[in-house]
Amino acid sequence: MSYDATKTSLPVSQSLLGAMGMRMFVYHEDRIPQEAGAVVVVSNHRSFMDAPILIQALRRPVRVACHRYMGQTPILKEAIDLLGCIPLDEPKKRGRQFFERATRLLQSRQWVGIFPEGASPMIQLTRPREIRKFQRGFAHLALRASVPDLAVLPVAIASEAENIALTFPVRLLRLFDSSEPLFNDTGWHPVLVYRHANVLIGRPYWITARHRQQYQGGSAKQVVTELTDYCRQEIAQLLQTESS
């Protein structure tokens, strides 16, 4: 069954977070782009709750990229469909197919969400203010997409209180995605549930014609690094400010 994510993602995310009894506060809402043609949302990532949190905090149906196994696991699959998430494909096809689909969404003025740390913080749980190295795919997407008035919006999710449970052996996930090296882990999968989280909106990074010219020319690596570092530093600073 297919769902219209523009209609289902907001009520479903609200219901999920409400059922978990989570308290959420959003800061710097004035930084959310109102005049953007489309937005690439970039956030730190520690919990399965992060996608609905972004949707509720931004009050928009953000089409969040999620791990491949989520699109193949019963119950989870229906939930991510209702939230409008985008399950990534197998590694050989992942990059091309995601870029094509995400670009189409951006061109139709939808918002796309990406967790540049990947899935590792969910398997090998990080501390609340810890942030890992960012993968650069989101920067390539933003710079490659031919979308006017495109913004990249960094968002920090800061946990203030949480519960952690060990639920099942990580290797069970190989049943749904045998290509993922993380699923060779011999430990148990942690499931983190926020009891109280603050969402801090960063300063948007606007993609200009100059950025696209640099990307298409000889300075592609430089402009990709600049955008990647900007978003990571912005989120890290917001998390650090929140903890001080």
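Author: A strand here is a DSSP run of E with at least two residues, numbered from the N terminus. With that in hand, welcome to this model, which is a predicted one.

Reader: Thanks! Where does Ser43 sit, then?

Author: Ser43 belongs to strand S2, which covers residues 38–43.

Reader: And why does Ser43 count as buried?

Author: Buried means under 20% relative accessible area. Ser43 has 0% relative accessibility, so the residue counts as buried.

Reader: What does Ser43 touch, beyond residues up to four places away in sequence?

Author: Its partners there are Leu54, Ile114, Phe115, Pro116, Val155, Ile157 and Ile235.

Reader: How far apart are Ile131 and Asn44, in sequence and in space?

Author: They are 87 residues apart in sequence, while their C-alpha atoms are 6.7 Å apart. Asn44 is also among the contacts of Ile131 outside four places in sequence, along with Glu117, Arg232, Ile235 and Ala236.

Reader: Now helix H3: which of its residues are buried?

Author: In H3, residues 76–83, the buried ones are Ile80, Leu82 and Leu83.

Reader: How do you know that the buried residues of H3 line one face of the helix?

Author: Look down the axis of H3: the buried residues fall within an arc of 155°, so they line one face. Among the elements covering them are helices H1 (5–19) and H2 (50–58) and strands S3 (62–66) and S4 (86–87). After H3 comes Gly84, with a positive phi near 80°.

Reader: Which residues lie nearest the centre of the largest pocket?

Author: They are His45, Ala65, Cys66, His67 and Met70, out of 46 lining residues. Elements giving two or more residues to this lining include H1, H2, S3 and H3. The pocket's volume is about 1,000 Å³.

Reader: How do the lining residues divide into nonpolar, polar and charged?

Author: There are 34 nonpolar, nine polar and three charged residues. Of those nearest the centre, Ala65, Cys66 and Met70 are nonpolar, because Ala, Cys and Met are on the nonpolar list.

Definitions and conventions: Residues numbered from 1 in each chain as written. Predicted model: local features only at pLDDT ≥ 70, side-chain atom pairs only at ≥ 80, totals over all residues. Heavy atoms only, no water. Buried < 20%, exposed > 50% of the residue type's maximum accessible area, 1.4 Å probe, protein only. Helix = DSSP H or I, 4+ residues; strand = E, 2+ residues; numbered from the N terminus. Arc of directions from axis to C-beta. Contact = heavy atoms within 4.5 Å. 1 Å grid on protein atoms, 1.4 Å probe; cavity = no way out; pocket = protein on both sides within 12 Å on 5 of 7 lines; lining within 4 Å. Points joined across faces, edges and corners; volume = space filled by probe spheres on them.
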